[in-house]
Amino acid sequence: MVHGFKRSKRSLVISLIVSLLMAAWVMLISAKPAHAATPKTYYVNITTGQDRSDYGLSTSTPFKNIQYAADLTNPGDTVYVMNGTYYKTNDQDVFHVTRSGDTTGGYINYLAYPGHHPKLNAIDAWNHIVVSASYIKIDGFEIEGDNANLTLADGEARYNHYVQNKPTNTIDWNYVRKTQTNGISIKPGVDLTTPHDIRISNNIVHDVPGGGISAEKSDYVTVENNTVYNNSWYTLYATSGISFLTPKDADSNTTLYKNVIRNNRVYNNKTLVKWEKTQDYSDGNGIIIDSTLKAPAYTGKTLVTNNLSYLNGGSGIHSYHSSNVDIINNTSYQNSSQLNYGEIFAQSSDQVNILNNILVARTGKNINTNYSNTNVTTNYNVYDNGNPVVSGPNDIWSDPLFVNAASGDFHLSIGSKAIDTGGASLTPTNDFDYNPRPRGAAPDRGAYESQNLIGNPSFEWGSLSGGWTKEQNSAGIAIQNTGSYSGTYKAAFNTTAATKLSQTVTTPSTKTYTVTAYVVTNIASNVIVGADVAGVNQAQQVVATGGYKKITFTVNATAGQLIKVWISAPLSASGWVGIDDVSVQ
Ligand SMILES: [Ca+2]
Ligand SMILES: [Ca+2]
């Protein structure tokens with residue numbers, strides 16, 4: 001399942017000359033005393049700009065092309081790109097970053113100008129953006145490929161041409177290129193230096209016929225908070241939505257996470273054309289960590305966390321022939337639309353942790369696999385619609401109760417057994433929405449953390465643990481597993497005495513909190529849901545009879561105050577009360 005990346009053809013002679021010239025240049029500048037120039041801010045506007053030396057330093061005199069700015073940058077500089085659609089400037093890309101930032105001057109930043117949404121649309125080029133440099137940030141771009149104007153026949157024709165002409169080295173690259181365009185590609189340039197310290201964030205990469213976001217032979221790459229969809233359909237290189245291929249160590253650090261893929265939404269990436277290398281269908285994954293073990297093996301750690309990966313053609317997320325990969329708190333839903341890889345798994349890998357994820361299989365397809373692995377730890381995951389080949393002692397089989405998977409909303413509904421049942425090991429401190437994790441009694445599984453402060457809010461732990469206190473009539477309060485409002489379990493009162501159940505939470509911030517509970521009772525009066533703030537009752541409501549009633553009200557509290565939510569019932573000889581789905585947030 002490794003996949004190839006097309007490199008531009010280049011003359012070895014030219015490469016050598018360039019390398020020698022660069023070496024001479026490096027020696028020349030190294031002889032000068034180091035000084036940090038004041039960082040510059042450049043502006044680019046494809047509509048109003050001009051590429052001339054007296055332009056670029058204001059929004060009213062912007063450069064026209066991003067490449068023109070890129071070739072002027074020094075460490076610490078920022079290139080602001082304004083509204084407009086930016087097309088290829090040559091057959092390679094829209095722009096190619098070859099100048100690096102450094103630890104002294106800082107990153108070189110390529111940013112959408114505040115409030116602007118620049119779009120890149122490279123028709124018939126190899127890439128949209130190539131980064132062959134270090135200390136680079138790419139943030140806020142929309143990359144829209146040409147899929148809407150391409151067909152499967154276009155992709156297959158180029159595949160056939162490639163396969164037929166490869167043996168005789170007669171491939172027409174100008175013809176083949178059209179269905180291979182990638183989104184953002186990080187890879188070494190002509191000097192083969194390892195690109196490192198690169199942040200790709202807040203971009204939307206969609207409908208490119210090749211790979212979405214890829215990092216190859218690079219290190220310290222963070223891909224964060226991007227939306228990556230509808231990519232890889234027509235390429236013959238078996239690409240994916242987000243891929244990290246054969247990373248190279250820029251240093252010997254083996255303790256920190258060096259490559260990080262987090263908080264991305266990745267969907268409907270798939271390969272519809274065969275891979276030229278195997279002449280069969282391959283990849284089209286949401287996220288793949290690929291071949292870190294290929295010699296020379298990469299020794300750094302990789303983190304894949306808080307991602308949503310769904311409806312992709314290959315896997316949701318997988319580690320292939322890789323080591324030191326932590327896959328934590330991701331949500332993977334109905335992938336493998338084209339192949340039968342599964343949702344989240346390791347293959348031919350070593351030292352992989354698969355923890356706190358939610359895996360929902362496509363009907364009839366694998367949910368996970370366990371082929372040729374060593375030292376893979378699987379635990380605290382949720383499985384639905386499939387039977388895992390490998391599982392851990394704290395894994396559960398349950399519908400995760402997504403709010404609306406069909407519309408891409410993978411928040412957890414109250415009652416989900418993914419809430420408050422995650423493990424604490426390696427758990428990130430926020431969730432997909434950048435809300436704090438954990439909330440309630442424990443971390444949740446999957447990419448979202450319910451922000452409900454109540455622990456075990458739906459009693460789905462099958463117990464009254466998680467913070468509940470039986471205040472009155474302890475013997476009359478029990479867990480029942482029939483007739484709950486949602487999920488399986490509810491708390492139930494047998495009111496042979498006055499009965500009261502409560503939970504007290506500490507507020508994380510000053511605000512108005514909404515209290516919600518679902519209560520059912522046959523007692524006509526004085527079944528009450530209330531909330532005390534700092535020991536003083538602030539609100540309460542009486543529950544009516546006749547089916548589950550949603551009780552909701554608000555209370556005001558300052559940061560660090562205690563809110564006690566309680567449900568009480570009077571003595572009633574034949575009375576009963578059911579309580580479920582209690583929420584404070
Ligand atoms: Ca929680
Ligand atoms: Ca329940």
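This is a predicted model: local features need pLDDT of at least 70, side-chain atom pairs count only at pLDDT 80 or more; totals for chains, interfaces and linings use all residues.
View 1. K64 stands 16 residues from T48 along the chain, yet the C-alpha atoms of T48 and K64 are separated by 6.9 Å.

**View 2. The protein chain as a whole has four helices and 43 strands.** The C-alpha trace spans about 95 × 50 × 45 Å along its principal axes. Of the 585 residues in the protein chain, 52% are buried. Among contacts with a separation of 6 or more, 70% are between residues 24 or more positions apart.

**View 3. The protein chain is divided into three parts: domain 1, domain 2 and domain 3.** Five residues from domain 1 and five residues from domain 3 form the contact. On the side of domain 1 that touches domain 3, two residues are nonpolar, two are polar and one is charged.

**View 4. The largest nonpolar core contains 92 residues.** The residues with the most contacts inside this core are V44, I66, V79, V131 and I136. Helix α2 gives the most to the core, namely four residues. Domain 1 and domain 2 each supply at least three residues to this core. Leaving aside residues up to four places away in sequence, I66 touches V44, V79, V81, Y86, V94 and F95. Another core lies apart from this one; it has 35 residues, including Y485, Y518, A557 and V577.

**View 5. Nine strands form an open sheet with parallel pairing.** The strands follow the order β4-β7-β10-β13-β16-β19-β22-β25-β28. At the edges are β4 (95-97) and β28 (370-371), each of which pairs on one side only. Within the sheet, β16 (residues 242-245) and β19 (residues 287-290) run parallel and are paired over four bridges. One residue pair in this arrangement is L245 with its bridge partner D290 in β19. Strands of a sheet pair through backbone hydrogen bonds, in either a parallel or an antiparallel sense.

**View 6. Strand β14 pairs with both β11 and β17.** Five bridges join β11, residues 196-201, to β14, residues 219-224, and these two strands run parallel. R199 has T222 in β14 as its bridge partner. The pairing of β14 with β17, residues 257-262, is also parallel and extends over three bridges. Here E224 stands opposite R262 in β17.

**View 7. An unreviewed UniProt entry places the feature "domain: Right handed beta helix" at residues 139-286.** In the model, the chain over residues 139-286 is 12% helix and 30% strand. The end C-alpha atoms of this stretch are 20 Å apart.

**View 8. Cis peptide bonds join A295 to P296 and R437 to P438.** For the bond between A295 and P296, omega is about -5°. P296 belongs to the loop between β19 and β20 (301-305). For the bond from R437 to P438, omega is near 0°. P438 is found in the loop that runs between β33 (409-412) and β34 (468-472).

**View 9. N202 and A238 have positive phi values although neither is a glycine.** Phi of N202 is near 60°. This residue is located in the loop between β11 and β12 (204-206). N202 counts as partly exposed because it has 16 C-beta neighbours inside 10 Å. For A238, phi is about 55°. A238 lies in the loop between β15 (227-229) and β16. Is A238 buried or exposed? A238 has 26 C-beta neighbours inside 10 Å and therefore counts as buried, since a residue is buried if 20 or more other C-beta atoms lie within that distance.

Methods: Residues are numbered from 1 along each chain as its sequence is written. Chains are lettered from A and ligands numbered from 1 in the order in which they are written. Two strands pair if DSSP finds at least two bridges between them. A residue is buried if 20 or more other C-beta atoms lie within 10 Å of its own, exposed if 12 or fewer, and partly exposed in between; C-beta atoms are placed from the backbone. Two residues are in contact if their C-beta atoms, placed from the backbone, lie within 7 Å. Domain bounds come from an automatic or database domain assignment. Ala, Val, Leu, Ile, Met, Phe, Trp, Tyr, Cys and Pro count as nonpolar, Asp, Glu, Lys and Arg as charged, and the others, Gly among them, as polar. A nonpolar core is a set of buried Ala, Val, Leu, Ile, Met, Phe, Trp, Tyr and Cys residues joined through C-beta atoms within 7 Å. UniProt positions are given in the numbering used here, feature names are shortened, and annotations may be inferred rather than shown by experiment.
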